[in-house]
Amino acid sequence: MSATQRSATSGAESAAYEPRTVRRAMLAGSLGTLIEYYDFSVYGYLAVVIAPQFFPSEEPAAALLATLAVFATGLVVRPVGGVFFGWLGDRWGRRKALVSSVLCMGVASSATGLLPTYSQIGVTAAVLLLLCRLMQGISTGGESVGAYTYIYESAPPRRRAFLGAVTPIGSNLGFMFAAATAGVISALATKDQMADWGWRLPFLMAVPLTLFCLWARLRIEDTPEFEEAARRADIPSAPIREVLSTHRAALLQSIGLSMAQGGAIFLGLTYIGIHLTSDLGYDSTQVLWLSAGVVLVTVLLMVPAGWLAARFGSRRILMFGLLGFLVTAYPAMMLMDRHNLPLAGAAYLLFMLSSAFVQVPAASLWPHLFERRVRFTGMAIGYNIGTVLAGGTAPYIAAFLVQRTGNQLSPAFFVMTVCVIGIGALLTVRKDVGAKMG
């Protein structure tokens with residue numbers, strides 16, 4: 001650990017971590033991430049319905065690919081959002097960045113629910129959908145890493161690995177809430193109603209959710225570490241330049257880990273539902289409920305995953321999770337293609353069990369790679385580049401592989417590839433990193 005990092009750590013230990021302040025930080029961080037990922041993921045769950053509304057085509061697969069390309073585009077701009085919110089968070093405070101990111105997402109999601117369709121204004125509808133998705137992508141570029149940073153710095157050092165579970169719990173509950181909301185509306189509305197106006201309702205839920213999250217985040221203070229740094233005037237003037245000049249190794253490590261996490265988990269949370277519905281012919285409403293149930297089990301595993309990370313070290317538990325994805329991807333995909341929904345659900349759950357043991361330890365390991373001065377920016381750049389390369393593009397790559405090869409199991413090889421990349425990156429992280437947080 002460098003002298004600067006030792007200074008940041010001693011500053012964190014000397015800061016006052018009042019239980020009430022810590023609880024507010026946990027609530028604001030997890031709630032904002034829940035809403036953020038609800039808004040962002042509901043698009044993926046409704047992709048099959050949205051596709052003909054904005055990309056009418058005689059080939060349903062082509063319309064779906066266009067819709068998934070827009071989904072991926074929303075993540076391509078994440079580094080832009082990461083750079084902006086990282087600069088804002090490191091220069092002007094974590095709280096300002098968190099409030100701004102959730103407001104940006106709320107506006108974009110609400111606007112999506114009000115968009116005219118192709119039949120009303122032609123190709124302009126697709127352009128407007130893309131613009132809303134880009135705005136959502138910019139927002140998510142700062143949200144996850146902002147929540148990771150805020151909760152990491154707000155928690156007492158000895159509890160950071162365990163409380164690292166809070167942010168992934170929030171994000172996964174967002175995915176689950178999105179699947180459940182889409183499932184309820186799909187069950188209550190006819191197919192024509194779903195295509196006409198039903199798909200809009202989940203997006204319009206962003207209005208009350210965003211207002212609730214803003215209420216929670218406007219009540220929090222900045223983190224003890226940042227407030228102490230501000231008192232000492234130890235604020236970077238150019239955090240991006242500082243990251244690129246002094247944290248290159250940590251940046252590469254975070255990119256590799258993000259590729260593994262994003263590639264495996266985004267494929268599980270977005271593509272598998274589409275695969276079960278469009279490729280394998282399972283009922284869409286049942287698949288939405290199945291997705292919600294699988295994510296719920298994943299969330300329930302996150303508290304014990306946090307305990308294990310605190311007990312054995314974040315690095316070891318993350319390695320366990322990545323190996324889990326590596327060995328289960330192929331058999332899980334194979335079992336899904338047996339025209340048996342309960343068996344497909346069991347296979348889906350088998351694949352996603354590793355998710356908790358990747359997301360939770362990564363939440364406390366990532367901020368530990370960067371010193372306080374550039375923590376937000378460093379994480380934002382590394383995490384978002386990795387997500388662009390393998391995370392947000394995962395559904396599109398998987399659908400493309402199936403279409404081009406005709407092999408329903410080909411997405412498993414994509415998951416195995418990104419896991420190997422993540423394991424390689426993790427092997428370069430010092431063994432003592434992530435081992436001292438309890």
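**Close-up views of charged and aromatic contacts**

**View 1. Asp-90 and Arg-94 form a salt bridge, with 2.7 Å between their closest N and O atoms.** In this predicted model, local features need pLDDT of at least 70 and side-chain atom pairs count only at pLDDT 80 or more, while totals for chains, interfaces and linings use all residues. Residues are numbered from 1 along each chain as its sequence is written, and side-chain values use heavy atoms, with hydrogens and water left out. A salt bridge here is a side-chain nitrogen of Lys or Arg within 4 Å of a carboxyl oxygen of Asp or Glu; by this rule the count comes to eleven. Asp-90 counts as buried because its relative accessibility is 0%, and Arg-94 is likewise buried at 0%. (Buried means under 20% relative accessible area, exposed over 50%, and partly exposed in between, with a 1.4 Å probe and protein chains only.)

**View 2. Glu-225 meets Arg-375 in a salt bridge, the closest N and O atoms being 3.3 Å apart.** This pair links distant parts of the chain, 150 residues apart: Glu-225 sits in helix α14 (residues 224–231) and Arg-375 in helix α22 (residues 375–391). Helices (H or I, at least four residues) and strands (E, at least two) are DSSP runs, numbered from the N terminus. Both Glu-225 and Arg-375 are buried.

**View 3. Asp-234 and Arg-373 form a salt bridge with their closest N and O atoms 2.6 Å apart.** Here two loops are linked across 139 residues: Asp-234 is in the one between α14 and α15 (239–246), Arg-373 in the one between α21 (355–369) and α22. Asp-234 is partly exposed at 22% relative accessibility, whereas Arg-373, at 18%, counts as buried.

**View 4. Phe-54, Trp-199 and Phe-203 make up one aromatic cluster.** Rings of Phe, Tyr and Trp (its six-membered ring) pair if their centres lie within 6.5 Å; planes under 30 degrees apart count as stacked, over 60 as edge-to-face and the rest as tilted. The structure holds 14 aromatic pairs. Among them, Phe-54 and Trp-199 are edge-to-face, 5.6 Å centre to centre with 80° between the planes. Phe-54 lies in helix α3 (residues 47–54) and Trp-199 in the loop between α11 (191–198) and α12 (200–204), so this pair ties together parts 145 residues apart in sequence. Trp-199 also pairs edge-to-face with Phe-203, at 6.2 Å centre to centre and 75° between the planes. Trp-199 is buried at 0% relative accessibility, and Phe-203 is buried at 1%.
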